[in-house]
Amino acid sequence: MTVMESAPVKARKSCAGRGGHPRPTGQDRYSISEVVAHTGLTAHTLRWYERIGLMPHVDRTHTGQRRFTNRDLDWLDLVGKLRLTGMPVADMVRYAELVREGEHTFAEREELLTTHRENVRERIAELRSTLEVLDFKIDVYADARRASERFDPV
């Protein structure tokens, strides 16, 4: 187990939401182009993630080509979910640093994610309120359209 997966067994859940891995563990050596095809990320993004410290150390072949594992795919899935929730890149990088530092950072990781979860909940509430406004306006226009169709002398 690498430092990137350090978590209590009780709390461990797969972050992979894509329906599993293309290859079984042990046969999971993916090229960057295979990861691009699986994740939808660009090669540029994957290299950038590695450069800024968002990705754990990625193994390389003797010729220097990156080789990703199923654990890397799981990590990328989590990063994708954090991006989708609007977590700032700096916070994601900090989270990755904390994970690499080991188990003694569990409390700080929990605090970082708890704070972000609260921000996500606030954003969801804002979006629900906005959706209510949209629904109201759509209903107004639909009612007006139906009324005008009833009185159209065709």
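Me: Which residues of α1 are buried?

Reply: This is a predicted model, in which local features need pLDDT of at least 70, side-chain atom pairs count only at pLDDT 80 or more, and totals for chains, interfaces and linings use all residues. Residues are numbered from 1 along each chain as its sequence is written, and side-chain values use heavy atoms, with hydrogens and water left out. Helices (DSSP runs of H or I, at least four residues) and strands (runs of E, at least two) are numbered from the N terminus, while buried means under 20% relative accessible area, exposed over 50% and partly exposed in between, with a 1.4 Å probe and protein chains only. In α1 the buried residues are Ile 32, Val 35 and Thr 39.

Me: Within what arc do the buried residues of α1 fall?

Reply: The residues concerned are Ile 32, Val 35 and Thr 39. Seen down the axis of α1, they line one face of the helix, because the arc (that of the directions from the helix axis to the C-beta atoms) that holds them is 60°.

Me: Which elements do the buried residues of α1 pack against?

Reply: Ser 33 and Ala 37 are exposed on the other side of α1. Packing is judged by contact, meaning heavy atoms within 4.5 Å. The buried residues of α1 pack against α2, β2 and α3.

Me: Which residues is Tyr 49 in contact with, leaving aside its neighbours within four places in sequence?

Reply: Tyr 49 is one of the residues with the most contacts inside the largest nonpolar core. With neighbours within four places in sequence set aside, its contacts are Leu 41, Leu 54, Met 55, Leu 76, Val 79 and Arg 83.

Me: How many residues apart are Glu 50 and Arg 66?

Reply: Glu 50 forms a salt bridge (a side-chain nitrogen of Lys or Arg within 4 Å of a carboxyl oxygen of Asp or Glu) with Arg 66, the closest N and O atoms being 2.5 Å apart. This pair links distant parts of the chain, since Glu 50 is in helix α2 and Arg 66 in strand β2 (residues 66-67). Glu 50 counts as buried because its relative accessibility is 18%, and Arg 66 counts as buried at 19%.

Me: Which helix holds both Glu 97 and Arg 94?

Reply: The side chains of Glu 97 and Arg 94 meet in a salt bridge of 3.3 Å, N to O. Glu 97 is partly exposed at 32%, and Arg 94 is partly exposed at 28%. The two are three residues apart, about one turn of the helix, and both lie in α4.

Me: Which elements do the buried residues of α4 pack against?

Reply: Met 92, Val 93, Tyr 95, Ala 96, Leu 98 and Val 99 are buried in α4. These buried residues pack against α2, α3 and α5 (106-150).

Me: Which residue follows α4, with a positive phi?

Reply: α4 has 13 residues and reaches 18 Å from its first C-alpha to its last. After it comes a residue whose phi is near 110°, Gly 102.

Note on methods:
Core = buried A, V, L, I, M, F, W, Y, C linked by side-chain atoms within 4.5 Å. Expected span 1.5 Å × (residues − 1).
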